[in-house]
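Here is a short briefing to read alongside the model. Keep the viewer open and follow each group of points in turn.

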Amino acid sequence: MMIQDKVRTSTSTSFILTNPILFRDAVVLDVGCGTGILSLLAAESGAMHVYAADASDIAEKAGQIIRTNGLENVITVIRGKVEEISLPDGVGHVHAIVSEWMGYALFYESMLDSPSRP
């Protein structure tokens, strides 16, 4: 899990929070959001809206974390594989995509198929 990997978590945190120009007023898609840490960071960095997508049960936990942080009006959790979900009506595109799927999790979490589809 990313949250347990202090190096990756601190690197992502540093990048997102020190580059608000990339996120300010942007619509962001967090692919494989897990607990939603990248979604929370994008929101904190000024994203207009974040769509946090995850195919597993962790999406429910992400929703709880988002509500606990009072960001349910900025972050929307969508349960499903990224290649099977649809963004809400009126959302034709996103400005930025964030994702953390490095390491053996590509195979362990069966995420290799999602980013590799044409």
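This is a predicted model: local features need pLDDT of at least 70, side-chain atom pairs count only at pLDDT 80 or more; totals for chains, interfaces and linings use all residues.

Residues are numbered from 1 along each chain as its sequence is written, and side-chain values use heavy atoms, with hydrogens and water left out.

**Nonpolar cores**

- A nonpolar core here is a set of buried Ala, Val, Leu, Ile, Met, Phe, Trp, Tyr and Cys residues joined through side-chain atoms within 4.5 Å; buried means under 20% relative accessible area, exposed over 50% and partly exposed in between (1.4 Å probe, protein chains only).
- The largest core holds 19 residues, and those with the most contacts inside it are Phe23, Val28, Leu38, Ala42, Val50 and Ile75.
- Two or more residues each come from α2 (37-44), β2 (49-54), α3 (58-68) and β4 (96-99), with helices (H or I, at least four residues) and strands (E, at least two) taken as DSSP runs numbered from the N terminus.
- The largest share, six residues, belongs to α2.
- A second, separate core of seven residues includes Val27, Ala53, Ile78 and Ile85.
- Not counting residues up to four places away in sequence, Phe23 touches Ile16, Val28, Ala42, Ser45, Gly46, Ala47, Met48 and Val98; contact means heavy atoms within 4.5 Å.

**Helix α2**

- Seven of the eight residues of α2 are buried, so this helix is largely enclosed by the rest of the structure.
- The buried ones are Ile37, Leu38, Ser39, Leu40, Leu41, Ala42 and Ala43, and they pack against α1, β1, β2, α3, β3 (75-79) and β4.
- Glu44, also in α2, is exposed, with a relative accessible area of 60%.
- The C-alpha atoms of Glu44 and Arg24 are separated by 9.3 Å, although these residues lie 20 residues apart along the chain.
- After α2 comes Gly46, with a positive phi near 110°.

**Serine 39**

- Ser39 sits in α2 and is buried, with a relative accessible area of 0%.
- Leaving aside neighbours within four places in sequence, Ser39 is in contact with Asp30, Cys33, Val50, Ala52 and Ile75.

**Surface**

- Ile21 lies in the loop between α1 (6-18) and β1 (27-31) and is exposed, with a relative accessible area of 69%.
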